[in-house]
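Hello,

Here is the structure we talked about. Please open it alongside this note; my findings follow below.

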Amino acid sequence: MAFWSNLDDNDKAKLATTTGLLVAALAIFTLISTLSFFFTWSADQSLLSDPNMMSASSDVHNWCGKLGYRWSYFLVAKCFGVGSIAFVLILFFISVRLLFKKRLVSLIKSTLVTVTGVIIASFILAFIGHFLGLDSVFGAGLGGEMGSYVVMYCDNLFGVM
């Protein structure tokens, strides 16, 4: 924290604005790449097994390119499924706080509510996807791998649902 205390107010404002712009760019990138993933995931699935995915000859359909595909694949398939789009809200609130110095809502409260909602949505969407036979949509089902693991555990514990 010595770095922060050695800055004057003008430098602190510049640093906060720069960080706010970077977080806003990450929020926009996450939103666009995740929305694109919902439409192009099946066309890009073959890239996961391609060892040369990052080569120039590989063609990806995600609107944010290869990095956008990898990022959205991680959020949607590997983590929380469709509900992971809500992480854009957290990034948006952080960027507004840094850029405009305005508290729309409590940052801690909104983060806790959003993360809890994403986790619960992952479980519910995975259960609905399992019930409807959509276990492989988006690579790991509607609830992502996290929700799928919970549904498989409950199925094993309580029997066929």
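Helix H4 covers residues 87–100, and its 14 residues should span 20 Å at 1.5 Å a residue; the end C-alpha atoms lie 20 Å apart, which agrees. Bear in mind that this is a predicted model.

Several H4 residues are buried: Phe-87, Val-88, Ile-90, Leu-91, Phe-93, Ser-95 and Val-96. What covers them includes H2, H3 and helix H5 (107–132). Just after H4, Lys-101 has a positive phi of about 55 degrees.

**H2 against H3**

Now look at helix H2 (residues 9–44) and helix H3 (residues 65–80). Their axes come within 8 Å and cross at roughly 85 degrees. H2 is therefore roughly perpendicular to H3.

Which residues meet there? From H2 come Phe-29, Thr-30, Ser-33, Thr-34, Phe-37, Phe-38 and Asp-44. From H3 come Leu-67, Gly-68, Tyr-69, Trp-71, Ser-72, Tyr-73, Leu-75 and Val-76. By class, the contact of H2 with H3 has 9 nonpolar, 5 polar and 1 charged residues.

**Cysteines**

How many disulfides does the structure hold? It holds 0. Cys-79 is in no disulfide; the nearest cysteine sulfur, that of Cys-64, is 18 Å away. A disulfide needs the two sulfur atoms within 2.5 Å. Cys-154 is in no disulfide either, and the nearest cysteine sulfur, that of Cys-79, is 19 Å away.

Are these two buried or exposed? Cys-79 counts as buried, because its relative accessibility is 15%, and the cut-off is under 20%. Cys-154 is partly exposed, with a relative accessible area of 22%.

Best wishes

How values were computed: Residues are numbered from 1 along each chain as its sequence is written. This is a predicted model: local features need pLDDT of at least 70, side-chain atom pairs count only at pLDDT 80 or more; totals for chains, interfaces and linings use all residues. Side-chain values use heavy atoms; hydrogens and water are left out. Buried means under 20% relative accessible area, exposed over 50%, partly exposed in between (1.4 Å probe, protein chains only). Axes are lines fitted to C-alpha atoms, for helices over the stretch in contact, and angles run from 0 to 180 degrees between N-to-C directions. Helices (H or I, at least four residues) and strands (E, at least two) are DSSP runs, numbered from the N terminus. Angles under 35 degrees count as roughly parallel, over 145 as roughly antiparallel, 65 to 115 as roughly perpendicular and the rest as oblique. Contact means heavy atoms within 4.5 Å. Ala, Val, Leu, Ile, Met, Phe, Trp, Tyr, Cys and Pro count as nonpolar, Asp, Glu, Lys and Arg as charged, and the others, Gly among them, as polar. The expected span of a helix is 1.5 Å times one less than its number of residues.
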